[in-house]
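Here are my notes on this model.

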Amino acid sequence: MKILAFEYACAGGEGGEPFVRDGRLMLSTLLNDMTKAGIGHVSTLLHGSFDPDGIKADEITAAEPDFFTAVEAKISNADAVWIIAPECGGTLLDLSTMVLAQGKTLIGCRPEAVEVCGSKMKTAELLCGNNNNGKIKMPETELLYSAGSRKKFPCVVKPVDGAGCEEVYYVENREELKRLDTLNENFIVQPYVHGESLSAGILTAGSGSTLLGVCRHEIFHRGSKMRLKKISGLIKYDRNDEIKKMIDEITRIIPGLRGFWGLDFIHRDSAPPVLVEINPRLTTSYPVYSRSCGFNIASKTVRDACGLVNV
């Protein structure tokens with residue numbers, strides 16, 4: 001079996017520069033896990049400007065001169081494809097759709113799940129609707145330039161399809177919000193939720209989902225901008241049962257979440273955790289779970305996607 005696994009920024013995808021460091025770590029860990037699993041012939045894409053040291057694959061191809069042309073060509077020679085890419089600008093959705101259009105096996109979340117989870121607005125609308133039964137708590141979410149004046153302060157302004165804490169603003173009052181009038185309509189507003197920023201890694205394979213663990217996000221403010229300083233984990237989290245129930249409810253409402261995916265949430269000491277967003281892809285905490293979960297995540301994910309036994 002021929003498997004193509006690549007990471008958007010490392011392959012030279014346009015606009016991927018902010019994610020290269022984390023992308024390289026995710027990619028190298030994933031390729032190492034796939035090599036250990038011995039599932040098949042593994043190839044990857046790497047831009048010619050990047051050193052291939054530490055990138056283990058049976059075949060490394062330079063994705064040049066045109067990224068999407070190179071990707072299409074490599075997909076045509078693969079049986080299955082694993083994509084690591086941000087949701088920004090529909091990148092992950094477009095690449096996932098490209099795989100299926102060529103009749104290849106997509107490893108990971110299906111396009112219908114990527115389309116919902118790649119939009120924080122669509123995620124909130126779906127999970128906070130009547131299907132939820134009140135089991136998932138999320139911040140009230142509205143478009144930055146929506147009609148009406150329901151905005152509560154302090155609040156957070158972020159891209160509707162952002163990733164990696166890019167272009168996220170902490171806003172204390174309406175005057176500060178007015179200073180962000182240069183932002184386009186592709187931004188949302190949510191009330192700021194006080195608590196601890198955490199994330200969970202999930203593997204959905206076979207007939208159920210496994211909570212791989214919980215990590216802590218250290219976020220700081222530089223002026224009004226919020227930045228992800230680092231991710232630390234695993235941490236001991238005493239309310240895993242609540243997160244597992246949240247995961248079960250999410251997968252019930254949003255079909256197509258498969259393989260490794262993640263969610264970000266706010267822990268509150270005296271109230272239920274608040275879901276912030278869903279990441280329908282490998283996340284920067286994947287290397288943490290790869291080292292700690294006790295089994296080969298990549299092996300289970302590939303076997304599930306390809307219909308192999310022993311999932």
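1. Helix α9 lies across β1, β4 and β5 and runs at about 150 degrees to β5. Contact means heavy atoms within 4.5 Å. Axes are lines fitted to C-alpha atoms, for helices over the stretch in contact, with angles from 0 to 180 degrees between N-to-C directions. Helices (H or I, at least four residues) and strands (E, at least two) are DSSP runs, numbered from the N terminus.

2. This is a predicted model: local features need pLDDT of at least 70, side-chain atom pairs count only at pLDDT 80 or more, and totals for chains, interfaces and linings use all residues. Residues are numbered from 1 along each chain as its sequence is written, and side-chain values use heavy atoms, without hydrogens or water.

3. The sheet is open, with five strands in the order β3-β2-β1-β4-β5 and parallel pairing. Pairing requires at least two DSSP bridges between two strands. β3 (59–61) and β5 (105–107) are the edges; each has a single partner strand, so one side of each lacks a neighbour in the sheet. Neighbouring strands are turned by 25 degrees against each other on average, direction ignored.

4. β4 and β5 run parallel, joined by three bridges. Val81 has Leu106 in β5 as its bridge partner.

5. Helix α2 (residues 67–76) lies across β1, β2, β3 and β4, at about 160 degrees to β1.

6. Buried residues (under 20% relative accessible area, 1.4 Å probe, protein chains only) of α1 include Val20, Gly23, Leu27 and Met34. The buried residues of α1 pack against β1 (2–7), β2 (41–45), β4 (80–84), α8 (286–292) and α9 (297–305). Just after α1, Gly38 has a positive phi of about 60 degrees.

Terms used:
Buried < 20%, exposed > 50% of the residue type's maximum accessible area, 1.4 Å probe, protein only.
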